[in-house]
Amino acid sequence: MGFKKKDGLAGLLFLLPSLAGVLVFVLLPFGDVVRRSFQEAMSGAFVGLRNYQMVLSNGAFQLAAGNTLRFMGVCMPLLILLSLLVAVLLHSRMERAGMLKITFLLPMAIPVASVVLLWRAVFHRDGFLSLLAEALGGQRVDWMNSHWAFWVLVFSYIWKNLGYDMVLWLAGLSGIPSTVYEAAQVDGAGPMTIFRRITLPGLLPSLYTITVLSFLNSFKVFREAYLVAGDYPHTSMYLLQHLFNNWFRELSMDKLAAAAVLVAAVILVLILLLRRAWDEREEG
């Protein structure tokens, strides 16, 4: 019993520096944001829910929130399915997949400035795609200032994060014993049967982690879009990150604080719902 207490104390002491860092740099600042969301920006007077009403009735917030939800709804399923497909293909040829894995991981190592130059070279009105369209008899298109801007952003997110999710899927695949596959092949199971009956069930523990990380990473596409299109990009790709950046520049701290609390609450609820659905499936 004494050993258990000592181990528990040692574990607590080991975690204490990290917990202190989270408390000082995350929880306390967020608590201050919650406080400011109920105050007037300049005077600090208590205004109740007025800031939240201003945010929810704001047209820019409605546009940004709708675009962000649409972006996540499109990107997350595509990213999860594509990264799973690539991981399964690479895992089946593991001994010859070294260079291919490096190729998929390369976008994670490219600096943002280089990505921006690539975007301009490809998607600008005088870029590669426009010149190609003109050569084929079409017209030049300013891709970042048309309805295609949203799909350019989707492509950027998937291109940037495909390798990251692929590595997570590969970790899950490596945890499935090879003897299970061998036994299934001896019993005459085909590739699709093995995938449905063995691979997919074996990867379910990885699905929750990959879904949550993909969800959080979907909020990290702002830098490229901002550097290419500025504060006010095409309306189809005007995300919450653009709105927050503009409000911060305008020092609209009351609206910014209320919007931050709303977004944090939505993220927390979605993650808890995912966790609950996962726990119910485990218990079932």
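**First stop: two crossing helices**

Select helix 3 and helix 9: helix 3 passes helix 9 in a right-handed crossing (the near helix is turned clockwise from the far one by less than a right angle). Helices here are DSSP runs of H or I, at least four residues, numbered from the N terminus. This is a predicted model, where local features need pLDDT of at least 70 and side-chain atom pairs count only at pLDDT 80 or more, while totals for chains, interfaces and linings use all residues. Residues are numbered from 1 along each chain as its sequence is written, and side-chain values use heavy atoms, leaving out hydrogens and water.

**Next: the core**

Pick Phe71, Trp119, Leu153, Tyr157, Trp169 and Leu173, which have the most contacts inside the largest nonpolar core, a set of 36 residues. Such a core joins buried Ala, Val, Leu, Ile, Met, Phe, Trp, Tyr and Cys residues through side-chain atoms within 4.5 Å. Helix 7 (148-174) gives the largest share, 12 residues.

Zoom in on Leucine 173: it touches Ala87, Val88, His91, Tyr181, Thr199 and Leu203, not counting residues up to four places away in sequence.

**Last stop: a loop**

Go to Leucine 251, in the loop between helix 11 (240-249) and helix 12 (253-283). Its phi is positive, about 60 degrees, although it is not a glycine. Leucine 251 is exposed, with a relative accessible area of 57% (buried is under 20%, exposed over 50%, partly exposed in between, using a 1.4 Å probe and protein chains only).

Terms used:
Contact = heavy atoms within 4.5 Å.
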